[in-house]
Amino acid sequence: MKRTIFLVLIAIFVVMGLAACGGQKLECTDPIGCVEVAPDEPILLASSLVISGPNTELGLDSQYGVEIAIDFRGDVLGHPVELQPEDDGCNAEGGQTSATKIVSNPQIVAMIGTSCSGAGVPAAKIISDNGYVMVSPSNTAPSLTDPELHEAGYLRTAHNDKVQGRAMAEFAINELGVTKAAAIHDGDPYTEGLASVFSEAFQELGGEIVAFEAIDANADDVIAPLTTIAAAGPPEFLYYPVFIPLGSLITKQAQDVEGLDGVILAAADGVQSPSFLEAAGDAAEGMYVSGPDLGFGNEIYDKFLTAYQEKYGTEPTAPFHAHAFDATNMVLDAIEKVAQQADDGTLLIGRQALRDALFATSGMEGITGTITCDEYGDCADPKIAVSQVQGGEFVPIWP
Amino acid sequence: MSSQLDLRNAARVGLLAGVVTLGISAVGMLESFDTRDLIVGLLTLGQLVLFSAPFFAGYRVTLGEGKSDVGPAAVGGVVAGALTAVPPIALILLTLAAPNIRNSLVNVSPELISLLSLGASEVVGSLLLLVVMAVLGVAGAMFHILPDAIRKPLVSGLGWMLGFAILSEVSLNILRPVLGRGLMRALFGTKGITPLLAAIIFVAAIGLTIWWSKNGKQRYESRKAAMSEAQIKQSRRVSIGVGIVSLLILPIILGTYLTEVVDNVGLFILMGMGLNIVVGFAGLLDLGYVAFFAIGAYVMGILTSQGALGIGHMSFWLALPIAVGTAVLAGVTLGIPVLRMRGDYLAIVTLGFGEIIRVLATSDLLKPYIGGAQGILQIGKPTIFGFEMVKPIHFYYLILAGVGLAVFVASRLRDARLGRQWMALREDEDVAEAMGIHLVSTKLLAFGIGAAFSGLAGAIFSARLSSIFPHSFNLLISINVLSLIIVGGIGSLPGVVVGALVLVGLPELLREFAEYRMLLYGALLIAMMIARPEGLWPSPVTKREFHAAEEEEAMGGAQ
Amino acid sequence: MALLEATNVTKQFGGLTAVNDFTFTVEKGAIDSIIGPNGAGKTTFFNCITGFYQFEEGAIVFDGHSVNGRSTDQITRMGISRTYQNIRLFSQMTTIENILVGMEPQLHTSWIGALFRLPPTVKEETKALNEARRLLDFVGLTGKGDDLSRNLSYGDQRRLEIARALAAKPKLLLLDEPTAGMNPRESAETTEFIRRLRDELGITILLIEHDMRVVMGISENITVLDYGAKIAEGGPSDIQSNPRVIEAYLGRGAAASATIEIES
Amino acid sequence: MSQRFKNIDYIGIVLWLFRAAIVVIVVWGTVSKLFLGQGNAYTATDWIDFLVAGLAQGSLYALIALGYTLVYGVLFMINFAHGEFLMSGTMTATIFVALPLSASGFLDANPILGMLIIMVVAMLVSVGVALLTERVAYRPLRRAPRLVPLITAIGASFFWQYFFRGLYGSALVPFPELEVLKGEWAVFGIAVLKTRAVVMVASVIMLIGLYVFIMRTKTGTAIRAVAEDKDIAALMGIDVDRTISITFATGAAMAGAAGILYGMVFRQVHFFMGFVPGIKAFTAAVLGGIGSIPGAALGGLFLGLFESVGPPLFLEGLGIPGAHQLKDVIAFTMLVLVLIFRPQGIVGERLAEKKA
């Protein structure tokens with residue numbers, strides 16, 4: 001027995017020795033460290049998205065976007081790319097735990113996530129403090145890229161609420177010529193942020209907000225709040241930047257409320273997904289949705305959708321798969337740009353260099369538009385498109 | 001009797017295993033588990049799950065009183081194993097008959113079917129699966145009738161190896177800073193362990209088991225028997241000392257991520273200690289315990305935040321008593337309206353309180369004060385003598401101190417007059433009152449002290465995250481805390497720790513099951529309650545009649 | 001001197017009058033009994049004395065103080081202890097813990113003291129434990145102190161319930177069918193035990209009992225209730241020959257089935 | 001016995017203050033809404049809409065609450081997984097029956113028959129899931145302390161939620177809209193959405209049917225006997241296990257039916273749909289007096305009404321922003337208020353304070 005153990009120990013040391021002396025050495029000169037990827041090792045990315053709990057469809061959809069981006073890319077500099085998916089739980093502690101887990105593995109190059117802004121705040125701090133970098137596909141809270149609060153390793157491909165809320169207000173006033181609007185949110189930071197920004201901008205542009213209502217995200221009957229809104233104005237324009245379940249419910253029940261019959265419906269990218277159209281059915285016809293310019297003239301997106309359907313057996317359940325796809329490509333592009341490669345294939349990726357490359361991303365053609373990052377990590381195409389639902393499809397009409 | 005063949009039983013067990021396999025496949029677990037290596041290149045988690053079903057079915061068939069003969073066992077194993085394959089084969093054939101089935105059952109993907117049909121075409125694969133499962137069924141049956149001397153080492157070898165592989169994350173995180181990269185790569189893959197490490201563990205576990213049964217056990221027992229009273233006391237003291245020291249150096253061994261997990265567990269232990277007083281000691285079923293957690297967190301947040309919402313910009317230590325005090329006040333205040341309610345009425349009303357607090361935290365009504373959906377940012381970190389606590393390891397000691405305090409208070413009170421009052425209240429409220437116990441103060445003390453620990457946990461939680469959002473304070477927290485004290489053993493202090501490790505720590509380590517975490521959590525709750533309704537570590541009966549005399553002596557000696 | 005004086009007590013449940021205009025006294029140092037058919041309102045009357053029920057009319061005065069409107073725990077602290085028809089021990093607590101709970105009215109230190117093991121608390125607890133062990137000996141449960149009370153035998157449970165009641169150092173002890181479910185030998189022992197309680201500890205005892213041998217054997221004064229009202233009162237011999245009592249008991253078979261059992 | 005607490009004066013005072021505070025808030029809000037014109041100006045039609053929406057929602061709560069009440073009646077256990085019974089049946093029936101029927105045009109051609117088929121399938125699946133849960137997770141624990149089955153019920157709730165998520169995915173599934181149920185009917189001059197009217201009528205029919213089943217049939221008598229005392233019922237020759245199974249099945253069938261009605265009104269179903277209505281229905285059951293069938297019905301209606309009328313009536317009157325977000329606060333505050341006045345619920349028996 002003792003002899004066996006002895007032999008095994010010898011074997012371990014031999015293997016270790018072999019691993020240690022092979023190949024030529026690359027020197028890491030990066031101020032905050034490097035990731036070394038050995039010849040037969042994959043490049044390891046992590047994701048931290050909400051994949052349990054009631055917001056699952058949001059995060060899982062993004063994770064699928066990341067996975068497809070990796071599939072499409074194939075090998076990067078001769079290394080396969082591997083994803084370590086984590087769960088942000090859509091709350092601060094989930095973001096903190098998953099970020100801590102990610103930074104405890106020195107092989108992880110970058111993180112895609114988080115799904116929820118609440119998870120993003122602590123995650124951004126941990127990721128940045130440890131020299132890592134993250135790109136969120138769906139954080140929209142303005143505070144994350146606020147010059148005073150921004151963390152050095154934080155970027156996002158999702159639209160800052162400030163941009164998107166304002167765009168919809170401009171569209172409503174300038175294009176549709178409405179003057180009385182109402183906004184609804186569901187208590188989620190994303191929806192609350194958008195609704196607030198929209199209201200402020202709308203009033204600034206000379207419009208009147210007749211009602212600013214909140215509905216619980218789990219509500220299953222919205223007749224009462226809609227009646228309240230109808231009685232308040234009634235508005236010409238109803239803006240509800242919520243997620244699919246509540247969004248389709250409002251879309252359908254708005255028809256049933258007296259006083260809202262002629263109202264123009266509008267939502268944001270939280271519902272910009274085929275499954276929303278399916279859920280809302282005919283009721284969605286003619287409504288406006290703001291968000292990235294998906295779909296038209298975008299071959300890659302069609303290819304993406306086919307791959308998605310094939311791989312996961314369902315249509316996208318949320319809109320952020322597109323942002324996740326772009327975020328992943330952004331990261332992979334940056335890796336390709338900054339990685340040093342030794343003769344035997346060993347990669348050395350400088351963490352600061354990677355950050356710099358990411359923040360320097362400019363004019364990258366993604367499926368959510370042209371991606372250019374500013375110094376505070378906002379990378380989404382500033383052009384927000386407004387689409388109208390026509391014949392069961394999102395048809396971009398503005399700008 | 002026992003060696004007789006019970007074919008009906010075999011069929012039942014086999015079909016049951018098959019249906020479970022079918023379920024696991026249809027929800028997508030199998031396919032998802034297949035991406036997780038246990039032993040790199042040899043075995044994935046998906047394969048383990050798929051193939052252990054017929055094995056256990058075969059094992060189970062021969063499980064009677066005593067050992068079966070080889071013949072009947074083999075037949076039973078074949079039947080059980082083959083029948084395990086039937087439901088998955090039905091699924092494979094269903095996809096042939098209805099190619100569109102995936103529109104309804106999203107996880108019945110081509111990959112799953114190829115996995116089930118072992119890489120072959122549907123029809124060939126089905127037959128192949130049938131044969132393989134039948135063989136595994138026989139293997140399971142044979143395994144059961146192996147002599148103990150062979151079976152026990154094998155079980156421990158396989159068990160240790162697979163357990164280690166499943167929890168490879170833990171050892172990976174502990175060993176990564178210790179071992180060099182080369183050694184790490186020799187032992188661990190990106191997910192799972194290498195065949196080399198698997199072999200080492202397997203051989204070592206078998207070796208140790210054999211040594212233990214042949215030699216070690218005897219030696220240990222004879223030494224234990226030879227110990228004198230004083231030596232036993234001495235060794236107990238030593239093990240307590242070792243325990244304390246290992247608690248103190250734990251985060252250094254564990255590394256950042258595992259310490260973070262332990263911190264999470266610690267916060268739940270803290271809450272569990274508090275809820276254990278309310279539910280375990282006093283028998284007041286509280287489903288809204290998260291309310292006090294939220295109150296503690298928000299008070300801490302508002303008082304120490306450097307952001308726009310912060311008032312006072314206090315230090316953590318100054319804000320801590322205020323946060324805890326507010327939670328106690330809330331506990332007592334919310335306790336008053338429910339004084340007369342019992343059992344399930346109490347449960348739903350407290351659940352309501354928890355929801356009210358959560359909704360209020362989210363609401364536009366309180367947004368100007370506590371941030372509504374946007375939460376509170378830039379919450380201050382605790383500092384000691386100018387040293388700022390930021391890392392998980394710093395919070396580990398803070399939480400450890402909190403848990404220590406909670407254990408101290410809970411155990412002292414449990415053994416005192418108040419503890420007896422609570423227990424009497426739990427057993428029979430009317431009789432307790434008829435014994436002269438003042439119900440109001442006893443109940444309110446339980447609510448208040450319980451809320452204090454939850455408030456303390458909330459305050460630490462808020463400082464640890466530096467930012468809080470209403471999403472964190474949902475019903476699930478209350479449910480989790482209640483579940484952990486019941487799974488641990490209601491009323492038992494070590495039970496709280498064990499419960500938190502199992503229900504908070506384990507799921508955290510198994511994050512790779514993420515999508516199926518809650519499903520497994522649910523199944524785990526059911527299985528544990530059925531297997532051990534009294535909990536994993538039930539509270540022992542306190543010995544007082546004879547112990548009392550000793551205490552008196554000790555007292556006399558001191559005076 | 002009367003220790004307990006009930007005057008014109010009436011208790012109603014909805015339309016049903018469980019105790020009807022009942023007037024009753026117990027002298028200090030006496031052993032008295034209340035008897036009557038099932039559903040006669042005996043336990044209800046106990047519940048009125050101990051504050052489990054609030055009664056609509058009448059007054060109950062104990063040791064010079066009114067119990068009307070007082071809560072159960074206050075009444076216990078005045079010096080009334082009781083046992084229950086269907087044993088109600090704290091089943092998940094040990095024998096000695098049950099007795100310690102019974103000692104509540106004797107204990108005064110607060111939980112803060114327990115937290116820091118302050119000397120007064122430690123002293124009080126030690127005293128209480130010793131007292132509890134003494135009571136354990138007194139009722140013959142020595143050695144069973146650390147058993148969970150639900151694991152005790154039926155007779156032991158009855159004795160423990162009495163010990164728990166005694167722990168409060170009551171002036172008046174209410175025993176609700178103390179010998180129910182016992183064989184004649186056990187009943188006799190219990191009877192003797194009850195007498196000892198009065199003789200050695202000087203406790204006044206009021207009991208509800210169905211076993212006539214027990215009742216006639218130890219009671220000094222017997223009150224008979226039927227349909228909530230008093231139909232007779234007097235010494236054992238008076239009661240045995242009272243025609244109304246005989247009628248109430250003989251007619252019981254027909255009467256009981258029509259009466260709703262309130263005291264369950 | 002409830003008077004017992006009158007002696008503890010300060011507690012009584014606090015409770016009275018609490019009640020008074022809520023009443024004052026409600027009255028103040030109502031007055032400033034209705035007479036001082038605080039907030040939006042509602043027309044009579046608006047108020048009627050609030051009422052009808054509340055009643056429709058309430059009747060759904062009532063149907064689900066029945067399951068809680070029945071199970072509580074016989075087992076004294078909170079069946080946390082009840083909402084998942086609803087979800088399982090509804091999702092299965094929607095995906096495998098409603099959508100194909102709708103796609104083939106059968107549903108619009110034979111709306112009544114079609115809906116009946118969907119409903120029966122939903123009820124069957126719900127019953128199946130309920131029986132399986134009862135057999136595996138609850139029956140072995142019949143004699144365990146009361147908290148233990150509560151935990152298994154919570155476990156079962158999670159299990160089914162995520163099991164069905166795995167099976168059908170996490171996407172929203174649209175429930176087909178019936179051509180005949182589009183638009184409104186005028187009932188006594190009040191315009192009521194057809195779907196809501198159908199829900200209310202169907203609920204009333206089912207409630208009455210269930211009441212008759214429990215009160216008039218032999219099985220119903222057995223259920224009541226088991227609820228009263230399991231041991232004695234067993235002595236009387238009642239198969240207790242079977243009766244408990246029937247109780248679960250009955251409750252689950254009601255839940256399955258309620259789920260389809262839910263789908264009809266809100267036209268979308270998903271894996272999480274059972275959870276919140278489940279908790280609300282439990283609240284409704286307690287509000288009405290748990291263990292009582294009329295109580296469940298009344299509790300459900302009350303809760304639905306409070307949630308719908310409360311925010312515009314008292315909260316807006318107080319000038320609170322985002323009033324509808326706070327409907328759960330109203331619901332639970334009303335629950336506390338009712339239970340302080342009547343600890344046994346609106347029509348419940350005195351289970352809450354059973355003693356001696």
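Predicted model: local features only at pLDDT ≥ 70, side-chain atom pairs only at ≥ 80, totals over all residues.
## Contacts between chains

Five pairs of chains are in contact in this model, and among these pairs chains B and D share the most contacts. Chain A and chain C, by contrast, are joined by no contact. The closest C-alpha atoms of chain A and chain C lie 33 Å apart.

The interface of chain B and chain A can be described in some detail. Chain A contributes 55 residues to this contact, and chain B contributes 43 residues. The size of an interface is often given as the accessible area lost when the parts come together. For chain B and chain A, the buried area is about 4200 Å², and 57% of this area is on carbon and sulfur atoms.

Between chain B and chain A, 18 residue pairs are in polar contact, counting pairs with both residues at pLDDT 80 or more. Several helices of chain B take part: α8 (168-175), α9 (181-187), α10 (195-226), α11 (229-281), α14 (343-362), α19 (439-465) and α22 (517-531) each supply at least two residues of the side of chain B that touches chain A. Of these contributions, the largest share comes from α9(B), with five residues. Sorted by class, the side of chain B that touches chain A holds 15 charged, twelve polar and 16 nonpolar residues.

Five salt bridges are found across the interface of chain B and chain A. A salt bridge links the side chains of B:K367 and A:E192, with a distance of 2.7 Å from N to O.

## Aromatic pairs

Over all chains, the whole structure contains 52 aromatic pairs. A pair of aromatic rings is described by the distance of the centres and the angle of the planes. One pair is formed by B:Y396 and B:Y397, whose ring centres are 5.2 Å apart; the planes stand at 85°, so the pair is edge-to-face. The two residues of this pair fall into separate accessibility classes: B:Y396 counts as buried at 4% relative accessibility, whereas B:Y397 counts as partly exposed at 31%.

Another pair is found in chain D, where the rings of D:F159 and D:W160 have centres 5.2 Å apart. Their planes are at 75°, over the 60 degrees required, so this pair too is edge-to-face. D:W160 is buried, with 9% relative accessibility.

In chain A, seven aromatic side chains belong to one aromatic cluster: A:Y64, A:F72, A:Y301, A:F304, A:Y308, A:Y312 and A:F325.

## Backbone features in loops

A cis peptide bond runs from A:G113 to A:T114, with omega near 5°. A:T114 is located in the loop between β4 (108-113) and α4 (117-129) of chain A.

In chain B, B:H313 has a positive phi of about 45° without being a glycine. This residue sits in the loop between α12 (290-304) and α13 (316-335) of chain B. B:F385 likewise is not a glycine and has a positive phi of about 45°. The loop that holds B:F385 lies between β3 (383-384) and β4 (387-388) of chain B.

| Residue | Relative accessible area | Class |
|---|---|---|
| B:H313 | 44% | partly exposed |
| B:F385 | 86% | exposed |
| B:K443 | 2% | buried |
| B:E545 | 5% | buried |

B:K443 is placed in helix α19 of chain B. With 2% relative accessibility, B:K443 is under the 20% cut-off and therefore counts as buried. Its side chain reaches the backbone oxygen of B:L339 at 2.6 Å. Apart from neighbours within four places in sequence, B:K443 is in contact with B:L284, B:L339, B:M341, B:L425 and B:E429.

B:E545 lies in a loop of chain B, between α22 and α23 (547-558). At 5% relative accessibility, B:E545 is buried as well. Leaving aside neighbours within four places in sequence, B:E545 is in contact with residues of chain C: C:I96, C:R133, C:L136, C:T142, C:G143, C:K144, C:G145 and C:D146.

Note on methods. Residues numbered from 1 in each chain as written. Chains lettered and ligands numbered in written order. Heavy atoms only, no water. Contact = heavy atoms within 4.5 Å. Buried area = accessible area lost by both parts, 1.4 Å probe. Salt bridge = Lys/Arg side-chain N within 4 Å of Asp/Glu carboxyl O. Polar contact = N/O pair within 3.5 Å; in protein donor to acceptor, adjacent residues only side chain to side chain. Helix = DSSP H or I, 4+ residues; strand = E, 2+ residues; numbered from the N terminus. Nonpolar A, V, L, I, M, F, W, Y, C, P; charged D, E, K, R; others polar. Phe/Tyr/Trp six-rings, centres within 6.5 Å; stacked < 30°, edge-to-face > 60°. Buried < 20%, exposed > 50% of the residue type's maximum accessible area, 1.4 Å probe, protein only.
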